[in-house]
Amino acid sequence: MSLLDYLVLFGTMIGIAAYGTWQTRGVHSLSGYFKGDQTTRWAAIGISVMATQASAITFMSTPGQGYESGLGFVQNYFGMPLALIIVAAVFLPLYRRLDVYTAYEFLGRRFDAKTRLLGAALFLLQRGLAAGITIYAPAIVLSTVFGWRLDVTILLSGLLVIIYTVTGGSRAVTLTHKYQLGLIFAGMVTAFIVLLVRLPAGLTLTDAFTVAGGFKKLEAVDFSLDVDQRYTFWSGLLGGLFLSLSYFGTDQSQVQRYLHGASLRESRLGLMFNAVCKIPMQFFILLLGALVFVFYQFERPPVFFNEVAWKSQAERASGDRLRALAADFTAVHTQKQQLIRAWLDAQHAGNPQAAATARAAAVAAQAHSEAIRDETKGLLHAADPRTSTNDADYVFITFVLGHLPHGMIGLLVAVIFAAALSSKASELNALGATTTVDFYRHVLKRDASDAHYVAASKWFTAFWGLVALAFALFAHLVENLIQAINILGSVFYGVVLGLFLVAFFLRRVGGTAVFWSALTAQTLVFGLFFTLNISYLWYNLIGCAACVLLSLILQAASGARGNTAEPVTATP
Amino acid sequence: MFHFIQRLFRGTGLRTRELLPHGSGDPFHSPAQPGADESTGLPGLPTWRRVYLFVFGCFVLWVVLLVVFSRVFA
């Protein structure tokens, strides 16, 4: 990175944070601090919801997904529009009518205090631990690629987000989201344009799509019922519906975003904006990855995209085999490039037979390239077990670093940081709100002034920010950390969604039945987790189904109509 | 604190009406009240049901376009 890149990176990051802090200074009411006084219009809500969901991983890993596996990952978002319609039609009106600060406050109103605290505790446990990853994941990739110190990268980005989130609360989060998402879109569109310009002369966009399609990178929808297929229309629709309902309906980091709305209409339109825009947005990012794949058919890519890890092993005396594999990879790539040109020439000449023959040979050469890459990954992992064999996260940043002009590199790195900060800010704000409203105000100090609660909120937000920083700083000590956090999320998410589904749809079930059902379902999920060897995504379904079914059984066994709610004094 | 823990595990009657401003209905059981919030303010989409149908239609359109895109360049 040049001085210009650093100027763009620090200028945009610090500029947005400083503007957000300045504009939202002096918030004195809890409603202002956590709900922005409910004055936000639908466009800002829509952007804030989108920015919260789009983490740095979205902009580092998703193009890598498009590069490696094509567009199929877009199917994971097929359930989201339907889930957002359900949230807008069922969840949101009740949240607003009860004028709650947190989703768990709603559980208290619908059931009782203990169910509210259970929902809030499950959220704090799961989201509090995951918060560190939001900072750690991009920091580890960027520090590796640029040779920055990991701890300094984590501390700088973490402290920046803590400062403006603590100072301005939810209003600062929403305000900065606007500029951060604007920066993200500007960066991604810029990368797309540069990529198109950098394609070889004479290669049209249709040619690029033909090449990508020929290597099966453009297969976006798979209607097969094969459960072994990773991404299908059906798994995306059903699994995506379930996960999106949990995330948008019950996760405070999202609920808090749309509770900002000036009215029910503004909140609903903000959600519908996401329901319409999310699939094309993900398609665009994946397509960018597929086009990076096409670009690297004409430009030799690294044999392993984490080049720092490759070099550290290849430069050793024992790196002979790695260097030999790299030479093989170059030879195969040159041969493949000639085959692709022959394929396109035959296509342009209207000779489908020759085009099919050249295409089949190019696909075979690609399979050979992949075999060389796999052997390289195996050697790297054997030499250093800490080296992840998944280099998809490094694909896009390698392209950016190698092929974008200075200034734009800084812009694209700023995109990654902006995405990290935007999702991190929502998480911290939600953790602070839940700790203050559901625990501190509800359990410890009931009759304090608004100013006192705002001060407490700032301390709690800062506390969670420091917890996340500490977790990120020591994250490298835990192997497969990201997967561990995903597992942790799946272990808790199902039961939390079960609590809310009972609250919304099973009116006869009361607080005591649902509370003990949730605890039993959570124990069951823990038990299955330690005894079975199934995909962790199933625990979402098992936890939710167990909570709902046990609630019905317990309520029927108790015989009483069990709708209970906190007395009015329980929720100041 | 002790009283709070006691109350946690004590069954309380349904008093949702108490939680609302005076004169409001039961928020859990009453249908959405028609009012200012119920107006979508969108030309051609006067009700929320139509907005949801429009969003669902967009979803179907995206899927169809993705299928066509995949087939054209397969």
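In which helix of chain A does A:G66 lie? Select A:G66 in this predicted model: the residue belongs to helix α4 of chain A, which spans residues 56-69.

**The whole chain**

The chain contains 21 helices and 0 strands. Its radius of gyration is 25 Å, close to the 25 Å that the globule rule gives for 572 residues, so chain A is as compact as a globular protein of that length. Along the principal axes, the C-alpha atoms occupy a box of roughly 75 × 55 × 50 Å. Of the contacts that link residues at least 6 apart in sequence, 85% are between residues at least 24 apart.

**Stop one: A:G66**

Return to A:G66 and show its surroundings. Is this residue buried or exposed? A:G66 counts as buried, because 31 C-beta neighbours fall inside 10 Å, and the threshold for that class is 20 or more. Leaving aside residues up to four places away in sequence, A:G66 touches A:L71 together with A:L286, A:L287, A:L288, A:G289 and A:A290. Next, select A:A290 and draw the C-alpha to C-alpha distance to A:G66: the two are 4.9 Å apart in space, although 224 residues separate them in sequence.

**Stop two: α9 against α12**

Select helix α9 (residues 205-214) and helix α12 (residues 264-298) of chain A; their axes lie 9 Å apart and the helices pack at an angle of about 95°. That angle makes α9(A) roughly perpendicular to α12(A).

**Stop three: α1 against α17**

Finally, select helix α1 (residues 3-23) and helix α17 (residues 408-444) of chain A. Their axes come within 7 Å and cross at roughly 35°, and the crossing of α1(A) past α17(A) is right-handed. On α1(A), highlight A:L4, A:D5, A:Y6, A:L7, A:V8, A:L9, A:T12 and A:M13; on α17(A), highlight A:I409, A:G410, A:L411, A:V413, A:A414 and A:F417, which complete the contact. The contact of α1(A) with α17(A) divides into 11 nonpolar, 2 polar and 1 charged residues.

Definitions and conventions: Residues are numbered from 1 along each chain as its sequence is written. Chains are lettered from A and ligands numbered from 1 in the order in which they are written. This is a predicted model: local features need pLDDT of at least 70, side-chain atom pairs count only at pLDDT 80 or more; totals for chains, interfaces and linings use all residues. Axes are lines fitted to C-alpha atoms, for helices over the stretch in contact, and angles run from 0 to 180 degrees between N-to-C directions. Helices (H or I, at least four residues) and strands (E, at least two) are DSSP runs, numbered from the N terminus. Angles under 35 degrees count as roughly parallel, over 145 as roughly antiparallel, 65 to 115 as roughly perpendicular and the rest as oblique. A residue is buried if 20 or more other C-beta atoms lie within 10 Å of its own, exposed if 12 or fewer, and partly exposed in between; C-beta atoms are placed from the backbone. Two residues are in contact if their C-beta atoms, placed from the backbone, lie within 7 Å. The radius of gyration is taken over C-alpha atoms; the globule rule is 2.2 Å times the number of residues to the power 0.38. A crossing is left-handed if the near helix is turned anticlockwise from the far one by less than a right angle, and right-handed if clockwise. Ala, Val, Leu, Ile, Met, Phe, Trp, Tyr, Cys and Pro count as nonpolar, Asp, Glu, Lys and Arg as charged, and the others, Gly among them, as polar.
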